[in-house]
Amino acid sequence: MCSSKETNLDAVIDIILEKLASGGTVTFTPHGTSMLPMLRDGKDVVVLSRPSGRLGLYDVSLYRRDNGQYVLHRVVDYGSAGTYVMCGDNQFKREKGIRDDQIIAVMTGFCRKGVTYTPASVRYRAYISFWYYTRFPRRCIRSLKRRFGITDKKKEKDKQTEDALQTK
């Protein structure tokens, strides 16, 4: 089941919570770039279910920050007092202190171009191993690019297009 309709998460959170509480699953298309390259902005669909206990290392969860913002990030470590340390795959800053009561759901799969991938699949597990354990070299490369002014041509072109649209 890999279909979705555009809506604001705040508008349907009560329905999502009810569906999850009854043991069902929820699918939606996340927006943002924090989980790139695994989840593409507005293109892929995530499948969420209610967590069956504590989250495991590298689980992707939907949680609500204390400021009310909904976030879909990965568990990368555990903090003190049973909290989680979360981080998006495309980010390096870790968010500490996420409590169990903030966790809404855990990702049980995602759909890309009609194909569903689950956390148990070999490709998904290989992705996690590669992407997580290459964090340090990727951070160094990103830092060097910024220091020497090397830009991503696609990002630069997208920015120019966005600027042109805003001036119209």
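**Notes on the salt bridges**

1. Let's start inside: Asp 89 is buried, and Arg 74 is buried as well. Keep in mind that this is a predicted model. These two residues form a salt bridge, with their closest N and O atoms 2.8 Å apart. Asp 89 sits in the loop between β5 (84-87) and β6 (95-98), while Arg 74 belongs to strand β4 (residues 70-78), so the pair ties together parts that are 15 residues apart in sequence.

2. Next, have a look at Asp 77 and Arg 94, which form a salt bridge with the closest N and O atoms 3.9 Å apart. Here Asp 77 is in strand β4 and Arg 94 is in the loop between β5 and β6, so this pair ties together parts that are 17 residues apart in sequence. What about exposure? Asp 77 counts as partly exposed, at 35% relative accessibility. Arg 94 is partly exposed too, at 34% relative accessibility.

3. Then there's Asp 101, whose salt-bridge partner is Arg 99; the closest N and O atoms are 3.0 Å apart. Asp 101 has a relative accessible area of 60%, so it is exposed, since exposed means over 50%. Arg 99, with a relative accessible area of 32%, is partly exposed.

4. Some of these contacts link up: a network of salt bridges joins Arg 40, Asp 44 and Arg 112.

5. How many salt bridges does the structure hold? There are eight, including the Asp 89 pairing with Arg 74 and the Asp 77 pairing with Arg 94.

Definitions and conventions: Residues numbered from 1 in each chain as written. Predicted model: local features only at pLDDT ≥ 70, side-chain atom pairs only at ≥ 80, totals over all residues. Heavy atoms only, no water. Salt bridge = Lys/Arg side-chain N within 4 Å of Asp/Glu carboxyl O. Helix = DSSP H or I, 4+ residues; strand = E, 2+ residues; numbered from the N terminus. Buried < 20%, exposed > 50% of the residue type's maximum accessible area, 1.4 Å probe, protein only.
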